[in-house]
Amino acid sequence: MTNEKAFSKAKDYISGGVNSPVRAFKSVKGSPVFIERAKDEFLYDIQGQKYIDFVLSWGPMILGHADKDVVNAVIKTARKGLSFGAPCTLETQLAKLILSKFSWLDKIRFCASGTEATMSAIRLARAYSKKDDIIKFEGCYHGHSDSLLVKAGSGATTFGTSSSDGVPNDFIKHTHLATYNDIHSVERCFAKSNQIGAVIIEPIAGNMGLVPAHLTFLVRLRDLCRANGAVLIFDEVMSGFRASLTGSYKFNKVKADIVTFGKVIGGGMNVAAFAGSDEIMSLISPQGGVYQAGTLNGNPVAMAAGIATLSKLYATPHIYEKLNDKAKAILKAIQNSAKKKGIAIQTAHRGSMFGFFFNENKIQNYADALKSDTKMYAKFHNQMLKRGVYLAPSQFETSFICTKMGKNSLEKVIEAIENSFKAL
Ligand SMILES: Cc1ncc(COP(=O)(O)O)c(C=O)c1O
């Protein structure tokens with residue numbers, strides 16, 4: 001079956017043919033590739049075409065696809081039962097592994113998706129601060145819960161307007177929008193409302209393309225939260241164990257009150273989490289009154305995948321530096337090829353994450369990112385796909401590298417970059 005046929009068949013039964021919108025390739029004006037299997041840095045589609053993968057399931061597969069240690073751990077654990085709905089010791093093992101890298105976080109709670117992690121973190125922060133309003137930043141994505149599905153559209157300090165139909169204004173009237181990397185926009189929010197109990201941010205933003213926060217901005221944000229009695233939440237669902245073993249902390253040494261995790265901590269299975277101090281985390285049920293629960297939370301198979309993934313990362317010295325070197329080599333090839341063609345490009349990288357914008361100016365926030373040439377990105381994406389390189393199907397996503405990305409693949413990617421730019 002061709003990819004086009006598979007998509008058309010999927011549309012007969014699945015709304016829009018996909019189970020997560022960006023997979024539909026709409027913003028690159030293409031048709032999605034249907035994957036039959038994946039191994040190491042490669043995806044194989046149902047037509048037998050092989051691609052070097054820089055999406056990596058949107059981040060989790062840092063060890064590459066079907067890593068043998070992760071797969072063995074999953075199979076071994078699955079043989080003993082898929083889910084108990086009762087505690088198992090694997091949960092404690094994964095909790096200990098994660099917390100060992102974050103000295104200021106005492107306790108963690110697992111859930112099944114990043115959306116749940118941030119939603120629960122917000123609920124917890126509101127309960128702790130006893131205040132209802134929150135600040136989020138334009139262009140940051142924290143999953144699809146109602147109060148976080150708010151982005152640009154109104155001024156930085158005005159109340160948010162929803163990015164989704166079906167979200168009542170009453171739900172989002174407590175969400176204030178600020179501008180990424182602009183501390184004055186945060187000050188304006190605090191000046192406007194004395195009811196702000198939480199600030200949530202991706203400290204390395206990966207959902208408007210890759211835009212790392214400035215060190216001074218995060219330090220000031222930390223101070224502002226403390227001064228105003230607001231809980232600071234770092235959403236590291238993407239950057240946690242991706243940018244470094246301590247996520248954004250390695251780069252700016254700023255400690256958030258609550259940190260959310262996802263993606264890599266589940267090694268490709270449904271695991272996410274949020275963590276904080278004993279004082280904050282003791283408010284969660286059954287100790288406290290903040291409700292959070294889930295049928296499949298902490299299920300043994302998912303825990304086993306997370307333990308195998310993190311254990312392997314911890315055991316491999318300089319893993320993030322090596323991944324970062326590869327990211328830099330790719331970005332250098334993009335810059336060189338773009339320059340030859342007279343095309344303006346902006347780039348960023350953090351550990352195994354990298355991004356590039358078709359844009360003449362530096363990207364500091366969402367408004368800057370939106371000025372990028374999305375049509376050019378779509379053309380470039382198309383050219384790279386033709387040459388067997390699978391990039392994120394949107395200008396506003398981050399690319400990821402896995403540990404299996406070898407010299408051969410890297411050379412092929414660089415060649416594909418050169419030829420794709422020539423063809424633009
Ligand atoms: C920073 C961030 N937070 C939260 C989420 C939501 O996670 P999930 O898709 O697992 O619900 C994502 C997903 O990409 C994310 O990048």
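A polar contact is here a pair of N or O atoms within 3.5 Å, and the views that follow are taken from a predicted model.

View 1. The residues around the ligand are Ser113, Gly114 and Thr115, then Tyr141, His142 and Gly143, together with Glu202, Asn207, Asp235, Val237, Met238 and Lys263.

**View 2. Packing of helix α2 against helix α10.** Helix α2, which comprises residues 68–78, packs on α10 at an angle of about 150°, and the two axes are 8 Å apart. Because of this angle, α2 is classed as roughly antiparallel to α10, and the crossing in which α2 passes α10 is right-handed. On the side of α2 the contact involves Asp69, Val70, Ala73, Val74, Thr77 and Ala78, which meet Pro300, Val301, Ala304, Ala305, Ala308, Thr309 and Lys312 of α10. Sorted by class, the residues of this contact between α2 and α10 comprise nine nonpolar, two polar and two charged.

View 3. Serine 285 and proline 286 are joined by a cis peptide bond, for which omega is about 15°. Proline 286 belongs to the loop that runs between α9 (278–281) and α10 (300–315). Most peptide bonds, by contrast, are trans.

**View 4. Packing of helix α6 against helix α7.** The angle between α6 and helix α7 (residues 215–227) is about 15°, and their axes are 10 Å apart. Such an angle is under 35 degrees, and therefore α6 is roughly parallel to α7. The crossing of α6 past α7 is right-handed. From α6, the residues Ile183, Val186, Glu187 and Phe190 meet Phe217, Arg220, Leu221, Leu224 and Cys225 from α7, and the residues of this contact of α6 with α7 divide into seven nonpolar and two charged, with no polar residue.

View 5. Asparagine 181 is placed in the loop between β6 (175–178) and α6 (183–192). Its phi is near 65°, a positive value in a residue that is not glycine. Most residues other than glycine have a negative phi.

**View 6. Crossing of helices α13 and α14.** Helix α13 (residues 374–386) and helix α14 (residues 407–423) have axes that come within 9 Å of each other and cross at roughly 130°. This angle means that α13 is oblique to α14, and the crossing of α13 and α14 is right-handed. Phe380, Gln383 and Met384 make the contact from α13, while Val413, Ala416, Ile417, Ser420, Phe421 and Ala423 make it from α14. Seven nonpolar and two polar residues, but no charged ones, form the contact of α13 with α14.

Methods
Residues numbered from 1 in each chain as written. Predicted model: local features only at pLDDT ≥ 70, side-chain atom pairs only at ≥ 80, totals over all residues. Heavy atoms only, no water. Axes fitted to C-alpha atoms, helices over the stretch in contact; angles between N-to-C directions. Helix = DSSP H or I, 4+ residues; strand = E, 2+ residues; numbered from the N terminus. Parallel < 35°, antiparallel > 145°, perpendicular 65-115°, else oblique. Left-handed = near helix turned anticlockwise from the far one by under 90°. Contact = heavy atoms within 4.5 Å. Nonpolar A, V, L, I, M, F, W, Y, C, P; charged D, E, K, R; others polar. Near = heavy atom within 4 Å.
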